[in-house]
Amino acid sequence: MTTADGPAYGGDDPYDLITMGRIGVDLYPLKTGVPLAEADTFGKFLGGSPTNVAVAAARLGRRTAVITRTGADPFGAYLRAELRAFGVDDRWAGEVAGLPTPLTFCEVFPPDHFPLYFYRRPKAPDLEIRSDEIDLEAVRAARVFWMTGTGLSVEPSRSATLAALEARSTSARGAITVFDLDWRPMLWDSGQEPRPWYERALALAGVAVGNVEECAVATGESEPYAAARALLAAGVELAVVKRGPLGVLAAHQDGTTVEVPPVPVTVVNGLGAGDAFGGALCHGLLAGWDLERTLRHANAAGAIVASRLACSTAMPFADEVEEVLAGAGGV
């Protein structure tokens with residue numbers, strides 16, 4: 001494994017956000033409603049959920065970086081170039097010899113059918129992140145650290161992810177650690193039980209974010225309020241339960257509960273909406289906004305991306321989010 005070019009973390013100001021985990025090339029048909037067997041033109045985009053979260057926050061003016069790995073191939077070079085173009089620091093986006101950069105294909109059938117096909121065999125390079133390769137000083141110093149459930153699916157990524165979470169326990173007061181529940185069953189070995197690893201990560205995180213299915217995997221509870229309570233009981237301070245067309249529910253250890261309705265939108269591709277939501281959620285938490293304002297901004301960012309074809313290139317800028325909120329009567 002060779003690391004990407006770039007200075008080691010040192011005297012720079014801490015990052016607003018460091019994310020850790022998946023990266024890959026998204027290949028989406030340029031026409032909607034066309035199955036892959038019939039598609040003949042595709043767009044190529046930077047992809048991978050935590051990578052897209054870093055892009056989303058960078059679009060909102062935040063200083064971001066991603067800890068990940070690609071193959072030592074042209075697709076890996078493309079992804080690092082895209083990270084830099086989006087303003088995301090790629091110094092920890094290293095290469096793994098012998099493993100190809102992952103590809104992900106999608107079928108786009110609006111408004112709610114978007115099958116994904118992951119090509120991550122024999123193993124995705126981003127699952128080869130090792131504990132001794134992580135700049136724990138930078139991880140501790142980041143104002144927000146974001147990790148995912150997929151990072152817990154296999155070694156050495158599992159140990160590396162947990163090591164990063166444990167390092168966060170010595171972060172400065174006010175630092176935020178987010179666990180994106182990110183349940184992708186096809187990326188776990190058959191028969192593997194994720195719950196113990198989710199419970200261990202929840203005990204080390206400050207914020208948990210997931211949809212009702214992901215909450216059920218993490219806690220056994222799928223009813224939104226019960227799931228939020230279970231996440232709080234597992235150790236986080238803030239539980240964010242995404243409910244799709246029903247909006248989002250958030251509950252805090254201090255007893256605050258907020259429900260925010262969705263922003264109406266004509267859906268083109270819903271796949272990147274959650275990542276835009278995540279980047280805007282981090283932005284609002286960093287800004288010190290109250291919970292309702294933060295969730296309204298995150299919902300608006302997600303709605304914008306759902307109305308567009310791609311994920312990374314679709315991430316909105318701050319003025320676009322404000323425009324949508326003004327039209328929806330938000331703040």
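Predicted model: local features only at pLDDT ≥ 70, side-chain atom pairs only at ≥ 80, totals over all residues.
## Cavity

The model contains 1 cavity of 30 Å³ or more, and the space in the largest cavity comes to about 40 Å³. Its lining is made up of Met 20, Gly 21, Asp 126, Ile 129, Met 147, Thr 148, Gly 151, Ser 157 and Thr 161, a set that divides into 3 nonpolar, 5 polar and 1 charged residues. Two elements, strand β9 (144-148) and helix α4 (157-168), each contribute at least two residues to this lining.

## Second largest pocket

The second largest pocket holds about 550 Å³ of space, and of the 23 residues that line it, Gly 174, Ala 175, Ile 176, Gly 206 and Glu 237 are the closest to its centre. The lining of this pocket divides into 11 nonpolar, 7 polar and 5 charged residues.

Helix α4 and strand β10 (176-180) each supply at least two residues of the pocket lining. Helix α4 is also one of the elements that supply at least two residues of the lining of the largest cavity.

## Nonpolar cores

The largest nonpolar core has 52 residues, of which Val 88, Val 240, Phe 277 and Leu 295 touch the most other members. Helix α9 (residues 291-306) gives the most to this core, contributing 8 residues. Apart from it lies another core, of 39 residues, which includes Ala 138, Ala 160, Leu 165 and Ala 227.

For Val 240, leaving aside residues up to four places away in sequence, the contacts are with Val 207, Ala 208, Val 209, Gly 210, Val 248, Leu 249, Ala 250, Phe 277 and Leu 295. Among these partners, Phe 277 and Leu 295 are themselves listed with Val 240 as residues of the largest core that touch the most other members.

Just after the helix, Gly 235 takes a positive phi of about 130 degrees.

## Backbone features in loops

Most residues other than glycine have a negative phi, and most peptide bonds are trans. Against that background, two peptide bonds deserve attention: the bond from Arg 121 to Pro 122 is cis, with omega near 0 degrees, and the bond from Glu 155 to Pro 156 is likewise cis, with omega near 0 degrees. Pro 122 is found in the loop between β8 (116-119) and α3 (136-141), whereas Pro 156 is found in the loop between β9 and α4.

Asp 182 has a positive phi of about 45 degrees although it is not a glycine, and its place is in the loop between β10 and α5 (195-202). Because its relative accessibility is 2%, Asp 182 counts as buried.

Leaving aside residues up to four places away in sequence, Met 186 touches Phe 118 and Arg 121. Its C-alpha atom is separated by 9.5 Å from that of Tyr 117, a residue 69 places apart from Met 186 along the chain.

Thr 51, by contrast, lies in helix α1 (residues 49-59) and, at 0% relative accessibility, counts as buried. The side chain of Thr 51 reaches the backbone oxygen of Arg 22 at 2.7 Å. Again leaving aside residues up to four places away in sequence, Thr 51 touches Thr 19, Arg 22, Ile 23, Leu 46, Val 66 and Leu 83.

Conventions
Residues numbered from 1 in each chain as written. Heavy atoms only, no water. 1 Å grid on protein atoms, 1.4 Å probe; cavity = no way out; pocket = protein on both sides within 12 Å on 5 of 7 lines; lining within 4 Å. Points joined across faces, edges and corners; volume = space filled by probe spheres on them. Helix = DSSP H or I, 4+ residues; strand = E, 2+ residues; numbered from the N terminus. Nonpolar A, V, L, I, M, F, W, Y, C, P; charged D, E, K, R; others polar. Core = buried A, V, L, I, M, F, W, Y, C linked by side-chain atoms within 4.5 Å. Buried < 20%, exposed > 50% of the residue type's maximum accessible area, 1.4 Å probe, protein only. Contact = heavy atoms within 4.5 Å. Polar contact = N/O pair within 3.5 Å; in protein donor to acceptor, adjacent residues only side chain to side chain.
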